[in-house]
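Here is a short briefing on how one protein chain packs together. Look at the structure before reading on.

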Amino acid sequence: EGGRVRELFAALERPVELYVALGPEETPLAGARDVDFGAEAVKVAEGLAELGELVSCRVEERPDGFPRFPAVAIRPEGRDAGLRYDGLPWGYELASLIGAVLEAGKREPTLRPESREALAALDRDLALDVFVTPT
């Protein structure tokens, strides 16, 4: 609900940009009808930006560094932190995007100290893909 999201976004400690990357659309899956996934992703991001003073939305066509479209990069203070949602965040998946905005809007990560120590000890960069689905 918009009122609850507005409350959560009011507690953000720093600005968060939702950077929507649009590109060539893939053929929709069976049952997807004629949904314009890019246009819907823009609507979702713009709608979220309207719910928080520190949340903004920017849309780019075919930017570099995005293998899948549409995608939404969640950028604390407009900086690419490597946090991205690929696809259309509809339904239950919207909660994942809202959670990412809340995390990006904090000055300090909510990871436990031991998790932060383990990450600091890594000897190379890692990319983690997390798949979200209600089914």
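Contact means heavy atoms within 4.5 Å. By that rule, and leaving out residues up to four places away in sequence, Phe 9 touches Leu 48, Leu 51, Gly 52, Val 55, Ile 98, Val 101 and Leu 102. The model is predicted, so local features need pLDDT of at least 70 and side-chain atom pairs count only at pLDDT 80 or more, while totals for chains, interfaces and linings use all residues. Residues are numbered from 1 along each chain as its sequence is written, and side-chain values use heavy atoms, with hydrogens and water left out.

**Nonpolar cores**

- A nonpolar core is a set of buried Ala, Val, Leu, Ile, Met, Phe, Trp, Tyr and Cys residues joined through side-chain atoms within 4.5 Å.
- Buried means under 20% relative accessible area, exposed means over 50%, and partly exposed lies in between (1.4 Å probe, protein chains only).
- The largest nonpolar core has 25 residues. Those with the most contacts inside it are Phe 9, Leu 18, Leu 48, Ile 74, Leu 97 and Val 101.
- Helices (H or I, at least four residues) and strands (E, at least two) are DSSP runs, numbered from the N terminus.
- Two or more residues of this core come from each of α1 (2-10), β1, α2 (37-49), β3 and α3 (94-104).
- Which element gives the most to this core? It is α2, with six residues.
- In soluble globular proteins, nonpolar side chains tend to be buried together.

**Helix α2**

- The 13 residues of α2 should span 18 Å at 1.5 Å a residue. Its end C-alpha atoms are 18 Å apart, which agrees.
- The expected span of a helix is 1.5 Å times one less than its number of residues.
- Buried residues in α2 are Gly 38, Glu 40, Ala 41, Val 42, Val 44, Ala 45, Leu 48 and Ala 49.
- Their cover includes α1, β1, β2 and α3.
- At the start of α2, a side-chain oxygen of Asp 36 comes within 3.3 Å of the backbone nitrogen of Gly 38.

**The aromatic pair**

- Rings of Phe, Tyr and Trp (its six-membered ring) pair if their centres lie within 6.5 Å; planes under 30 degrees apart count as stacked, over 60 as edge-to-face and the rest as tilted.
- How many aromatic pairs does a search of the whole structure find? It finds one.
- Why is the pair of Tyr 19 and Phe 66 stacked? The ring centres are 5.9 Å apart and the planes are at 20 degrees, so the pair is stacked.
- Tyr 19 lies in strand β1 (residues 16-22) and Phe 66 in the loop between β2 (55-61) and β3 (71-76), so the pair ties together parts that are 47 residues apart in sequence.
- Both Tyr 19 and Phe 66 are buried.
- The charged end of Arg 75 sits over the ring of Tyr 19, 3.9 Å from its centre. The rule for this is NZ of Lys or CZ of Arg within 6 Å of the ring centre and within 35 degrees of the ring normal.

**Backbone points to check**

- Most residues other than glycine have a negative phi, and most peptide bonds are trans.
- A cis peptide bond joins Phe 69 and Pro 70, with omega about -10 degrees. Pro 70 is in the loop between β2 and β3.
- Arg 62 is not a glycine, and its phi is positive, near 50 degrees. Arg 62 is also in the loop between β2 and β3. It counts as exposed, at 57% relative accessibility.
- Glu 77 is not a glycine either, and its phi is positive, about 55 degrees. Glu 77 is in the loop between β3 and β4 (84-86). It counts as partly exposed, at 44% relative accessibility.

**Other sites**

- Pro 15 lies in the loop between α1 and β1. At 38% relative accessibility, it is partly exposed.
- Not counting residues up to four places away in sequence, Pro 15 touches Leu 54, Arg 75, Pro 76 and Glu 77.
- Thr 110 is in the loop between α3 and α4 (113-120). Its side chain makes a polar contact with the side chain of Glu 103, at 2.8 Å.
- A polar contact is a pair of N or O atoms within 3.5 Å; within protein, one must be able to donate a hydrogen and the other to accept it, and residues adjacent in sequence count only if both atoms are side-chain atoms.
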